[in-house]
Amino acid sequence: MSSVSIAIIGAGISGLSAAQALQEAGLPVHLFDKSRGSGGRMASKRTEAGRLDLGAAYFTARDRRFAAAVRDWQARGWASEWRPSLYELRQGQLGPSQDEQERYVGTPSMSAITRGLLGETPVTFGCRITEIFRGTRHWTLQDADGQSYGPFSQVVVAIPATQACNLLTAAPVLAGKAANVAMEPTWSVALGFSTPLETGMDGCFVRNGALDWFSRDRSKPGRDNPLDTWVMHATSQWSREHLDASKETVIEHLHGAFAELLDCPLPEPAFSIAHRWLYARPAQPHQWGSLADVDMGIHACGDWCLSGRVEGAWLSGREAARRIIEHLDK
Ligand SMILES: Cc1cc2nc3c(=O)[nH]c(=O)nc-3n(C[C@H](O)[C@H](O)[C@H](O)COP(=O)(O)OP(=O)(O)OC[C@H]3O[C@@H](n4cnc5c(N)ncnc54)[C@H](O)[C@@H]3O)c2cc1C
Ligand SMILES: NC(=O)C1=CC=CN([C@@H]2O[C@H](COP(=O)(O)OP(=O)(O)OC[C@H]3O[C@@H](n4cnc5c(N)ncnc54)[C@H](OP(=O)(O)O)[C@@H]3O)[C@@H](O)[C@H]2O)C1
């Protein structure tokens, strides 16, 4: 087996899942991420109101391989089951909507899972990769500051489709597939209240107008934020229509929509924050697993290759790793 590392661009759950599987097979990897830390859309933001899950709110595990990984994360203290009191807006009325679905969250915040998976894996943060070149045998990466990294035996592009297509030019078939995947935006807002809201709701599927979903942070295990913080996600349509709105406007609008829905008085929030996810979710899910030109040694993975959720992203990273290992074993 080669001692030259495999480059993985993106330290979200798909890139880290690929990294873990490759390292378990004895293959050296090096991760690159444009952010200051791991997690991507599964990261939590450090704020004056504590760490807040402004991206993925929770995840489910329907695939047995992913369910086994989640059990391992639970045993390591990185994740716990979340049993929210769920509500739903139906025909204009809010009502309880409990179900038997098991849901999980990172503990004490969503970031714990990717921090745990990252462990001691070599990584370069704050590094936006802008180009990938193939020489006669190996790959070289270049970042936005013009710095080069390499050589690498293989490259795994584990970033949202819209961004991935720019890095996949060496493999036009892969670039073409990524270019055809539209990614929808999501505005996310958190509000923090000094006095806990007097409601029995922990999470609510709204899917109406501006609001898609909201949930109460302190109902998740391991949270000890000083304020009663609530995170709300706008619908894709509303987010698209308000893509360039100011954060203040978005907070005001989602705050208003939340206040209208609630079954209790809403005091003025002591804290508020908005985050715009430009590439939040694929418009249509695909069932590709991962994309690859195995002979060239270039792979793409992420939620857009499989289901548009945390589980799909993890499985997609695993699939990219499996195809690399299978090819090297030949
Ligand atoms: C608001 C919101 C709510 C969600 N809710 C849920 C939910 O409740 N349940 C669920 O299962 N899923 C949910 N999701 C989806 C889930 O978060 C994603 O499916 C999953 O986290 C995607 O992981 P990924 O590794 O494919 O991509 P990402 O998490 O996007 O990781 C990609 C990484 O690549 C980095 N990157 C990008 N471009 C470059 C570059 N050029 N160079 C270097 N680094 C780069 C980014 O910084 C990022 O860290 C939600 C997403 C959002 C935005
Ligand atoms: N906002 C974003 O950008 C998002 C990107 C990607 C995913 N997002 C949301 O993640 C949730 C995760 O989906 P999944 O893992 O399949 O979880 P489920 O809880 O099973 O929800 C799926 C889907 O089913 C409906 N639903 C589930 N349980 C209930 C319930 N008790 N009452 C009412 N409705 C329920 C609900 O929507 P439908 O339109 O399918 O009815 C859920 O969305 C998921 O919430 C994504 O939206 C956000």
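**Note on a predicted structure**

1. Tyr-58 sits in the loop that joins β4 (50-52) to α2 (64-75). Helices (H or I, at least four residues) and strands (E, at least two) are DSSP runs, numbered from the N terminus. This is a predicted model, in which local features need pLDDT of at least 70, side-chain atom pairs count only at pLDDT 80 or more, and totals for chains, interfaces and linings use all residues. Residues are numbered from 1 along each chain as its sequence is written, while chains are lettered from A and ligands numbered from 1 in the order in which they are written.

2. Is Tyr-58 buried or exposed? Tyr-58 is buried, because 20 other C-beta atoms lie within 10 Å. The cut-offs, for C-beta atoms placed from the backbone, are 20 or more others within 10 Å of a residue's own for buried, 12 or fewer for exposed, and anything in between for partly exposed. Not counting residues up to four places away in sequence, Tyr-58 touches Trp-82, Arg-103, Tyr-104 and Val-105; contact here requires C-beta atoms, placed from the backbone, to lie within 7 Å.

3. Arg-62 lies in the loop between β4 and α2. Arg-62 is exposed, with 12 other C-beta atoms within 10 Å.

4. An unreviewed UniProt entry lists Tyr-58, Phe-59, Thr-60, Ala-61, Arg-62, Thr-186 and Arg-309 under "binding site". These residues span 252 residues in sequence and their farthest two C-alpha atoms are 24.3 Å apart, so they do not all gather at one spot. UniProt positions follow the numbering used here, feature names are shortened, and annotations may be inferred rather than shown by experiment.

5. Helix α1 (residues 13-24) has 12 residues and reaches 16 Å from its first C-alpha to its last, close to the 16 Å expected at 1.5 Å a residue. The expected span is 1.5 Å times one less than the number of residues. Just after α1, Gly-26 has a positive phi of about 85°.

6. How many of the 12 residues of α1 are buried? Nine are, and the helix is mostly covered. Among them are Ile-13, Leu-16, Ala-19 and Leu-22. The buried residues of α1 pack against β1 (6-9), β2 (29-32), α3 (111-118), β13 (154-157) and α8 (310-329).

7. Pro-267 is in the loop between α7 (247-261) and β18 (271-282), and counts as exposed because it has 11 C-beta neighbours inside 10 Å. Leaving aside neighbours within four places in sequence, Pro-267 is in contact with Phe-193 and Thr-195. Pro-267 and Gly-116 are 151 residues apart in sequence and 37 Å apart in space, C-alpha to C-alpha.

Note on methods:
Contact = placed C-beta atoms within 7 Å.
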